[in-house]
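Please read this briefing alongside the sequence and the model. The notes are grouped by topic.

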Amino acid sequence: MSERTRSAPKEAKARHIITLLVENHAGVLARVAALIAAKGYNIDSLTVGETMDPSISRMTLVVRGDDSVVEQAVKQLNRLIDVIRVTDLTGEEFVERELILLKVKAKPEAKAEILRIADIFRAKVVDVAPLSYMLELTGAEDKLNAFIELLKPYGIQEFARTGMTVMTRGSKVLSKQAEEVWRGSETKKVVGLE
Amino acid sequence: MKLTGSEILLRSLVEEGVDTVFGIPGGVILHTYDVLTDSAMASKIRHILCRHEQGATHAAEGYYKASGKVGTVMVTSGPGACNTITGVTDALLDSMAIVVFTGQVPTSAMGCDAFQEADVVGTTRSCTKHNFLALKTEDIPRIVKEAYYIARSGRPGPVLVDLPKNVVMGRAEYRGHPQELNIRGYKPTTQGHAGQIKRAVELMRTARRPLIYGGGGIIHAEAFDELRELVATTQIPVVLTLMGLGAFDTSDPRWLGMVGMHGTYWSNMAMVDCDLMIAIGSRFSDRVTGKLSEFGKQCKIIHIDIDPTSIRKTVHVDVPIVGDVRQVLGELNKAIGQVKRNWSGDFEEWYAQIAEWKAKHPLRYGPMQDAIKPQYAIDTVFEVSEEKNPIVATGVGQHQMWAAQRYRGHKPRRWLTSGGLGTMGFGFPAAMGAQAAFPSDLVICIDGDGSFQMTNQDLITCVENNLPVKVVIINNGYLGMVRQWQELFYSRRYSQVDLTVQPDFVKLAEAYGAVGFRARRPEEVKPILQQAFATPGPVIVDIVTDREENCFPMIPPGGAIKDIIDYGDPIPEKLFQGLR
């Protein structure tokens, strides 16, 4: 029989995108962040915002880790009383978006080229100064990374990224499933168990 | 009707059926303590004034474990709250349902380094099952209702409620205790998955050397009858963890004994040799599994537990069943009833193998001469107390393991010990809490001289409240388990373990207004214990034992189960080189 312990940590750790519906009150973010931190993981990104129901917030968490350890973390997140629903979207079809604001040096001879790049990426110029542009871009993480790389030669002064937010494709609705949980027609689902 | 937060809080406690509170007042919780003295409240809630908040928390644990009713603690802010943390963490690891109410500085002063301020909700976030900060007086009834529900349901655990001074002093309309409760993020799964139960039964049907590995979850779920029925039908032998002791009749022939680092040899070997392990309310603690890469390689594993995070945490299992142990065992028993198999005849070889291990490696200790062997002392405690069906608590260390191995009368809810956190000092206050729940029962705390000195200040609490706990100190003048490890794994270099300079425990008892006895010679043990247990009020029995007796069997730290060392075995040098 195979070994019953976790496989040895691999070099490249899988990226996991976890969405949570949580109670919208003080301390919940701290609980979630502390739990992930206790596993020794750095959170790649974390976004929080209200949902259609103002008593519920939605969090999107991007972490890197071994599948089995992340599965355990997801179960532990689920155990938090303030967490209503947890879904690990790894392996699911979803749309991911992130927004970046980026300030780049714009010397007169470079202005046209920067605007061309912005145009190709469908980025918007949101502020213009004599020697710099501020650009706004929305997209998946890879797209934002590529955008940054292309603009590096011109001298990026600073940028701010929002972190990722995601939604599954198709008719599946996370908040609907959560509603079934608290109405009692379904128990809190445990990801990774039959 | 407008009431103050304190009045609402205490009424809510009465509504929750709280009859005993362990605590210590202080600055910001004075208002609540003031209401507690109102005659209407004082007649319903008994407050036991402890002498240290850690003791209050362990007392609440003991009260819960013995009675099954949630234990309640009330303390002030800052130092009071911080002192509860050891007990709260102990309760988290051993799934003890307690609710701790902590005073807090007024909300306007929070975060300003106010006098006796500590961020208690922040500090206890990781050591509670859940915690609350009450921000509005009108929220108190709901918070109390939820706190007690969360503490006792699902996998039980500690809940803390932080109460800022202005919230308990403020007034709000009291509309009675909430009848309904719906916490949308908390719906423990209680019913086992039918398909998984079918799979489990299928594994049991074909097993040749099955083994039940039960834990504390059986006690929390009160699944004793269901376990007895399962074993009666299937004849599968049972081992229990330290926390599970009492869940199965110790006189039953299918009971093997405790498993784990200091479990019996044959129980541990059964874990290594079984072809099917049925884990029930146990969590594959490292003290049971030993070296993980060697664990459970030879068998299939079924794991029944209420807490999904316990499943596949460190050990991959074949058939996980999330649910209340009692419900799942009930369903399992029903399903097994339909299985055709000659259970009783099929395990003869398996039982013969176990009997052979047992014959070769029984629990034993060396010949006793002038010094009292600690094992003998514990055997005698059992012998002279058995018929009184005592509640037995322990501290942590060698005495705890000897008590677990040798005290042969473990009963459900009558064995209190700190397993997960291994908290020295747990035993005595826990015994006090159990005694508060059962004032007329015999409550014995088998303690170590080191453990007892960590929380003995509550001796005066026992005297004051007439809680006649009998403390039996297995006194070897050492931090004995630490010394044992230093002897075995650190070349007998004893570092900071000698407790020879110690209080005279007999005089200590007398100083507190209790009664003290001492036994120094083997023949004194029995008569002194008999006399001690017949003495009214709190009693300390100081049993001066052989100083360097070791506790065996022992699975060496870092070793696999099969590396288990029995009494008299040579210590395999190679095994421990990594430790130095």
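Two residues are in contact if their C-beta atoms, placed from the backbone, lie within 7 Å. On that basis, among contacts in chain A between residues at least 6 apart in sequence, 77% join residues at least 24 apart. This is a predicted model: local features need pLDDT of at least 70, side-chain atom pairs count only at pLDDT 80 or more, and totals for chains, interfaces and linings use all residues. Residues are numbered from 1 along each chain as its sequence is written, while chains are lettered from A and ligands numbered from 1 in the order in which they are written.

**Chain A: make-up and domains**

- Chain A has five helices and nine strands; helices (H or I, at least four residues) and strands (E, at least two) are DSSP runs, numbered from the N terminus.
- Along the sequence the elements of chain A follow the pattern β-α-β-β-α-β-β-α-β-β-α-β-β-α.
- Of the 194 residues of chain A, 29% count as buried, where buried means that 20 or more other C-beta atoms lie within 10 Å of the residue's own, exposed means 12 or fewer, and partly exposed is in between, with C-beta atoms placed from the backbone.
- Chain A is divided into domain 1 (14-93 + 169-183) and domain 2 (95-165); domain bounds come from an automatic or database domain assignment.
- The C-alpha centres of domain 1 of chain A and domain 2 of chain A are 30 Å apart.
- Seven residues of domain 1 of chain A are in contact with six residues of domain 2 of chain A.
- On the domain 1 side of that contact in chain A, β2 (43-50) and β3 (56-65) each supply at least two residues, and the largest share, three residues, comes from β2(A).
- This side of domain 1 of chain A divides into three nonpolar, three polar and one charged residue; Ala, Val, Leu, Ile, Met, Phe, Trp, Tyr, Cys and Pro count as nonpolar, Asp, Glu, Lys and Arg as charged, and the others, Gly among them, as polar.

**Contact between the chains**

- The contact takes 25 residues from chain A and 29 residues from chain B.
- On the side of chain A, α1 (28-38), α2 (67-79), β4 (83-88) and α5 (174-183) each supply at least two residues.
- By class, this side of chain A has eleven nonpolar, five polar and nine charged residues.

**Chain B: domains**

- Chain B is assigned domain 1 (2-173), domain 2 (194-360) and domain 3 (374-552).
- The centres of domain 1 of chain B and domain 2 of chain B, taken over C-alpha atoms, are separated by 37 Å.
- Five residues of domain 1 of chain B are in contact with five residues of domain 2 of chain B, and the domain 1 side has one nonpolar, two polar and two charged residues.

**Chain B: the six-stranded sheet**

- Six strands of chain B form an open parallel sheet in the order β3-β2-β4-β5-β7-β6; two strands pair if DSSP finds at least two bridges between them.
- The edge strands of this sheet are β3 (46-49) and β6 (130-133) of chain B, each pairing on one side only.
- Four bridges join β6(B) to the parallel strand β7 (residues 158-164) of chain B, and Asn131(B) stands opposite Leu160(B) in β7(B).
- Helix α8 (residues 140-152) of chain B packs on the sheet and touches β5 (98-104), β6 and β7 of chain B, its direction making about 160° with that of β7(B); axes are lines fitted to C-alpha atoms, for helices over the stretch in contact, and angles run from 0 to 180 degrees between N-to-C directions.

- Helix α1 (residues 5-15) of chain B packs with α8(B) at an angle of about 30°, their axes being 9 Å apart.
- The contact of α1(B) with α8(B) has six nonpolar, two polar and no charged residues.
- Helix α6 (residues 85-93) of chain B is largely enclosed by the rest of the structure, because seven of its nine residues are buried.
- The buried residues of α6(B) pack against α4 (53-67), α5 (79-83), β5, α7 (120-123) and β7 of chain B.
- Ile212(B), in strand β9 (residues 210-214) of chain B, counts as buried because it has 27 C-beta neighbours inside 10 Å.
- Ile212(B) and Met277(B) are 65 residues apart in sequence and 6.0 Å apart in space, C-alpha to C-alpha.
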